[in-house]
Amino acid sequence: MTTLAAPKLAGRNRLECFALYAVLQGLPIYSGVALLIKLINAPEFAGEPFGAAIIIATLTTFHGLVTPWLGPKFPHFFRHNFEPLFADPTLSFSEKVSRWLAQPKAALQLLSNALLLSVLAIGVASIG
């Protein structure tokens with residue numbers, strides 16, 4: 001007897017989609033932006049306590065909420081950020097991550113983010 005996997009609840013799938021967009025795509029982008037702003041020593045950003053953490057959390061949350069909604073509507077503008085695999089209700093959370101990591105585009109994106117964050121961290125640490 002064959003059984004079909006029941007699709008996940010819409011709320012849980014939406015939460016997984018938000019988390020994947022926020023953590024895998026938004027967090028590295030906005031961490032790099034925060035390091036760049038620290039590097040240029042913007043007083044309204046660099047002087048505030050927890051200023052970088054607040055900006056990163058806000059922008060990452062916004063990215064995680066907006067990308068799954070606007071990505072399918074405007075595929076030309078979101079061609080580098082929108083990943084339909086993240087919203088697939090038939091896959092588990094770990095399957096979504098492993099299939100995304102298996103794509104060459106994802107490996108290139110993660111490598112470039114790691115290199116950019118490393119260079120910016122060195123710049124921020126050396127300047128002060």
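These notebook entries record what I looked up in a predicted model.

**Ground rules.** I kept in mind that the model is predicted, that local features need pLDDT of at least 70 and side-chain atom pairs count only at pLDDT 80 or more, while totals for chains, interfaces and linings use all residues. I number residues from 1 along each chain as its sequence is written, and side-chain values use heavy atoms, with hydrogens and water left out.

**Entry 1: helix 1 and helix 5.** I looked up helix 1 (residues 10–40) and helix 5 (residues 104–127), whose axes come within 9 Å and cross at roughly 25°. Helices here are DSSP runs (H or I, at least four residues), numbered from the N terminus, and axes are lines fitted to C-alpha atoms over the stretch in contact, with angles from 0 to 180 degrees between N-to-C directions. Helix 1 and helix 5 are therefore roughly parallel to each other, a label for angles under 35 degrees. Among the residues that meet are Ser31, Gly32 and Leu35 in helix 1 and Asn113, Leu117 and Ala121 in helix 5, where contact means heavy atoms within 4.5 Å. The residues of this contact divide into nine nonpolar, six polar and one charged; Ala, Val, Leu, Ile, Met, Phe, Trp, Tyr, Cys and Pro count as nonpolar, Asp, Glu, Lys and Arg as charged, and the others, Gly among them, as polar.

**Entry 2: serine 31.** Leaving aside neighbours within four places in sequence, serine 31 is in contact with Ile56 and Leu117.

**Entry 3: the largest nonpolar core.** Which residues form the largest nonpolar core? I listed nine: Cys17, Leu20, Tyr21, Leu24, Leu85, Phe86, Leu91, Trp100 and Ala106. Helix 1 gives the largest share of this core, four residues. A nonpolar core is a set of buried Ala, Val, Leu, Ile, Met, Phe, Trp, Tyr and Cys residues joined through side-chain atoms within 4.5 Å. Leucine 85 touches Leu91, Lys96, Arg99, Trp100 and Gln103, not counting residues up to four places away in sequence.

**Entry 4: valine 66.** I then turned to valine 66 in helix 3 (residues 51–70), which is buried, with a relative accessible area of 15%. The C-alpha atoms of valine 66 and phenylalanine 18 are separated by 9.0 Å, although these residues are 48 residues apart along the chain.

How values were computed. Helices (H or I, at least four residues) and strands (E, at least two) are DSSP runs, numbered from the N terminus. Angles under 35 degrees count as roughly parallel, over 145 as roughly antiparallel, 65 to 115 as roughly perpendicular and the rest as oblique. Buried means under 20% relative accessible area, exposed over 50%, partly exposed in between (1.4 Å probe, protein chains only).
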